[in-house]
Amino acid sequence: MTPTSPLVSVIIPVLNDVEGLRKCLQALQQQTLSCEQYEIIVVDNGPDQAIQQCVSEFDQIRYFIQTARSSYASRNLGIEASQGSILAFTDADCLPMPTWLEKGIKCLQNTPNCGLVAGNIELFPLDPDHPNAVELFTMITDLCQEKYIKKWYFGATANVFTYRQIFDQVGVFKTTLKSGGDMEWGKRVHQAGYTAIYCTEAVIRHPTRSTWQSIKAKTLRVIGGVHDVFPPQSLRGLINNIRQDWPRGTDIKEILQNPLLKSPQDRLGVLMVVLGVKWLRSSEQVRLFWGGKSQNL
């Protein structure tokens with residue numbers, strides 16, 4: 001294997017996050033996989049001179065600019081530029097663990113007819129000793145890759161492995177989607193007859209959202225993305241979607257019994273976030289059904 005023929009291409013879209021990208025690239029320099037076997041492609045969605053300067057501080061990085069403001073367009077440019085037969089996706093604010101590439105590739109190659117591997121995403125708060133209610137809620141409910149695979153056959157692109165040939169067959173990410181492009185692409189992979197699996201050993205660490213505003217923005221963006229991919233076809237369908245989206249008593253009980261919640265204050269705070277997020281999701285579904293446009297927040 002030579003540097004001009006890597007086994008795997010790591011694709012990272014970035015927008016105005018110099019410090020996050022620097023930490024991500026530092027972590028990628030520590031992989032147990034031999035450096036000759038992987039290349040790193042950074043696609044700047046700015047562009048930003050600070051990002052370009054950051055990239056220049058590292059070896060084996062290929063830098064591209066995508067002026068169309070879309071993380072999916074950035075990933076597609078990375079796919080087009082990639083030289084590896086395997087593609088690994090992560091984000092600029094993620095910290096790949098040293099064995100991330102080794103374990104993800106092994107899982108992909110050892111699974112017959114595999115179309116995609118969704119790796120483990122571990123969420124962590126700003127202050128591990130004093131997480132706030134939003135951080136606790138995020139750590140319990142967000143980026144649950146195993147659930148995504150079991151229910152919807154996709155993985156969040158913060159941690160996904162696949163073969164280049166899969167994109168050749170089913171197509172690249174849809175750039176018209178503001179969110180949910182990974183779900184829509186995973187659906188195409190599943191419909192093409194490929195297997196999607198979860199790999200607990202391929203670990204990425206990801207910071208939690210820590211403010212209500214940040215989780216509100218993500219909630220509205222995600223609901224918009226789901227609506228763009230799976231719009232309800234009738235009022236009855238909308239009502240059914242909202243009904244299924246609201247947590248049952250057992251769901252709330254499971255959340256509140258999570259060992260991360262160590263005090264009554266933690267449980268009350270998380271409960272308020274749960275109810276607030278569910279109200280946001282329902283009201284946004286109604287707005288979109290009656291002609292509203294999905295938001296890119």
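1. Which residues in α1 meet which residues in α2? V18, L21, R22 and L25 are the α1 residues, and they meet A50, I51, C54 and V55 in α2; contact means heavy atoms within 4.5 Å. By class, this contact divides into 7 nonpolar, no polar and 1 charged residues. Ala, Val, Leu, Ile, Met, Phe, Trp, Tyr, Cys and Pro count as nonpolar, Asp, Glu, Lys and Arg as charged, and the others, Gly among them, as polar.

2. On the source: this is a predicted model, in which local features need pLDDT of at least 70 and side-chain atom pairs count only at pLDDT 80 or more, while totals for chains, interfaces and linings use all residues. Residues are numbered from 1 along each chain as its sequence is written, and side-chain values use heavy atoms, with hydrogens and water left out.

3. Helix α1 (residues 18-28) packs against helix α2 (residues 49-56) at an angle of about 15°, and their axes are 10 Å apart. That makes α1 roughly parallel to α2 (angles under 35 degrees count as roughly parallel, over 145 as roughly antiparallel, 65 to 115 as roughly perpendicular and the rest as oblique). Axes are lines fitted to C-alpha atoms, for helices over the stretch in contact, and angles run from 0 to 180 degrees between N-to-C directions. Helices are DSSP runs (H or I, at least four residues), numbered from the N terminus.

4. Helix α5 (residues 133-141) and helix α12 (residues 264-289) cross at roughly 70°, and their axes come within 8 Å. That makes α5 roughly perpendicular to α12. From α5, the contact is made by A133, V134, L136 and F137; from α12, by D266, G269, V270, V273, V274 and V277. The classes in this contact are 8 nonpolar, 1 polar and 1 charged.

5. A search of the whole structure finds 10 aromatic pairs (rings of Phe, Tyr and Trp, its six-membered ring, pair if their centres lie within 6.5 Å; planes under 30 degrees apart count as stacked, over 60 as edge-to-face and the rest as tilted). The rings of Y148 and W152 have centres 6.3 Å apart and planes at 45°, so this pair is tilted. Both residues lie in helix α6 (residues 145-152), 4 residues apart, about one turn of the helix.

6. Y148 is buried, at 15% relative accessible area, whereas W152 is partly exposed at 35% (buried means under 20%, exposed over 50%, partly exposed in between, with a 1.4 Å probe and protein chains only).

7. Ring pairs also link Y72, F89, F167, F173 and W185 into a cluster.

Terms used:
Helices (H or I, at least four residues) and strands (E, at least two) are DSSP runs, numbered from the N terminus.
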